[in-house]
Amino acid sequence: MFTANASAALKLVGEAFPFTADSRFTLLQDNHNSVQGIRLYADAAGAEVIYLPLDDDLRCDPAMDLPEAGDAPGLFALPAQSNFSGVQHPLSLVEKARGGGYDVLLDAAAFVPTSPLDLSAVPADFVCVSFYKMFGFPTGLGVLIARRDALARLRRPWFAGGTVEYVSVHEPRHRLRLGGEGFEDGTPNFLGIAAVSAGLRFLEDVGMEQIHERIHGLTERLIGILTSLRHANGRPAVELYGPTSTEDRGGAASFNLLDQDGAVVPYGQVERAAGDAGISLRGGCFCNPGVAEAALGLGRPEALECYESMPPGSFSLKELAECLDNEFAVGALRASVGIATNEQDLERLESLLQGFRR
Ligand SMILES: Cc1ncc(COP(=O)(O)O)c(C=O)c1O
């Protein structure tokens, strides 16, 4: 089903999932906000929301005990790759959660641009993807891929143009179209959709395995740069969030710069300097509050108090930092490597970071 983006694909599942008061919505602490938001649908039905924790490396244990879904419909949400740390979570959890009675929602938005995903080996019930993240164009186009039996269990809370066989106004009746057609609301982005085949062919021509291997090499170099940067006094100049190994991780790394006394350099300064140098470093929490809480400690009581104290409309990470007396990092920097990245890009990043160290 074509959607406006990955978030819209996730919302299609969340709003239509038949949560009951006996249901469980179980998810990793590491999830994008567009997955986190599904908890409001679970809450509204009185379902239990269960978060699974991360370890110090921001990974989860594939051998962990999953709470069973029980007799009521249960949803398990897993990001194939963290958009914060780049960690690729164990895809074996898909089968495990299905075995525990869940329908599984796999957020593959950050994973598929540089890693092959075989849905016959990873039989998730619902998968979301966003095309511009894979081949840069078109923006505003995502997809929800669903198993037919899982799709049939969803209960759509509304209908729209294009999704119905008939609607009566005289009697409040309607019937949704069968399968995916019942989920594509309104006019699809047909001009964008026309570009998708070319994008997929491009990735296929280069070869997903080849892309994956190349990104692995570039990520190794990126991690090497970040972990080797030191001050003259021997102290590390970078705090890296997440694993230092390149096993089971994609091409993204999040970090903060530290000064020679170990204090965090405000990420905004580095982000601006990177922008001036023509380097795209993303700063902030990357719409991933669970990892931000695990990595930066943003779940501590004084941070929660600050959130509450800021009047609606006034929230920004800068305000949050001030409210917390600038005592700890409220955001991080993320460097990502992808199909378009080359070694010179990493050298330019390295010299930018070295400049900060001086
Ligand atoms: C892991 C992950 N999931 C979901 C999304 C949301 O994607 P979109 O912006 O296409 O809605 C993103 C966006 O960065 C992401 O990285």
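**Close-up views of a predicted model**

**View A. The proline loop.** P138 sits in the loop that runs between helix 5 (131–135) and strand 7 (142–146). The model is predicted. A cis peptide bond joins F137 to P138. Its omega is about -5°.

**View B. The whole protein, for orientation.** The protein has 13 helices and 13 strands. Its C-alpha trace spans about 75 × 50 × 40 Å along the principal axes. Why does a radius of gyration of 22 Å agree with a compact globule? For 358 residues, a compact globule would have a value near 21 Å, so the 22 Å of the protein agrees. Buried residues make up 37% of the 358 residues. Of the contacts between residues at least 6 apart in sequence, 68% join residues at least 24 apart.

**View C. Two domains face to face.** Domain 1 covers 2–155, and domain 2 covers 209–357. Their centres, taken over C-alpha atoms, are 25 Å apart. In the contact region, 24 residues of domain 1 meet 23 residues of domain 2. The side of domain 1 that touches domain 2 has eight nonpolar, 13 polar and three charged residues.

**View E. The largest nonpolar core.** This core has 51 residues. Those with the most contacts inside it are L78, V104, L106, A108, C128, V129 and L144. Helix 1 (residues 6–16) gives the most to this core, with six residues. Nonpolar side chains tend to be buried together in soluble globular proteins. Leaving aside neighbours within four places in sequence, V129 contacts A6, A108, A109, V112, G142 and V143.

**View F. L58 and the second core.** A second, separate core has 38 residues, including L58, A335, V337 and L349. L58 lies in the loop between strand 3 (48–52) and strand 4 (74–79). Is L58 buried or exposed? L58 has 23 other C-beta atoms within 10 Å, so it counts as buried; the cut-off is 20 or more. Phi of L58 is near 65°, a positive value in a residue other than glycine.

**View G. Helix 10 and its cover.** Helix 10 (residues 289–296) is largely enclosed by the rest of the structure, because six of its eight residues are buried. The buried residues are G290, V291, A292, A294, A295 and L296. What covers them includes strand 10 (238–241) and strand 13 (332–336). G297 follows helix 10 and has a positive phi, near 80°.

**View H. A positive phi at D248.** D248 is found in the loop between strand 10 and strand 11 (252–257). Phi of D248 is near 45°, a positive value in a residue other than glycine. D248 has 15 C-beta neighbours inside 10 Å, so it counts as partly exposed.

**View I. V196 on helix 7.** V196 is found in helix 7 (residues 190–206). With 18 other C-beta atoms within 10 Å, V196 is partly exposed. L141 is 55 residues away from V196 along the chain. The C-alpha atoms of V196 and L141 are separated by 9.2 Å.

Methods
Residues are numbered from 1 along each chain as its sequence is written. This is a predicted model: local features need pLDDT of at least 70, side-chain atom pairs count only at pLDDT 80 or more; totals for chains, interfaces and linings use all residues. Helices (H or I, at least four residues) and strands (E, at least two) are DSSP runs, numbered from the N terminus. The radius of gyration is taken over C-alpha atoms; the globule rule is 2.2 Å times the number of residues to the power 0.38. A residue is buried if 20 or more other C-beta atoms lie within 10 Å of its own, exposed if 12 or fewer, and partly exposed in between; C-beta atoms are placed from the backbone. Two residues are in contact if their C-beta atoms, placed from the backbone, lie within 7 Å. Domain bounds come from an automatic or database domain assignment. Ala, Val, Leu, Ile, Met, Phe, Trp, Tyr, Cys and Pro count as nonpolar, Asp, Glu, Lys and Arg as charged, and the others, Gly among them, as polar. A nonpolar core is a set of buried Ala, Val, Leu, Ile, Met, Phe, Trp, Tyr and Cys residues joined through C-beta atoms within 7 Å.
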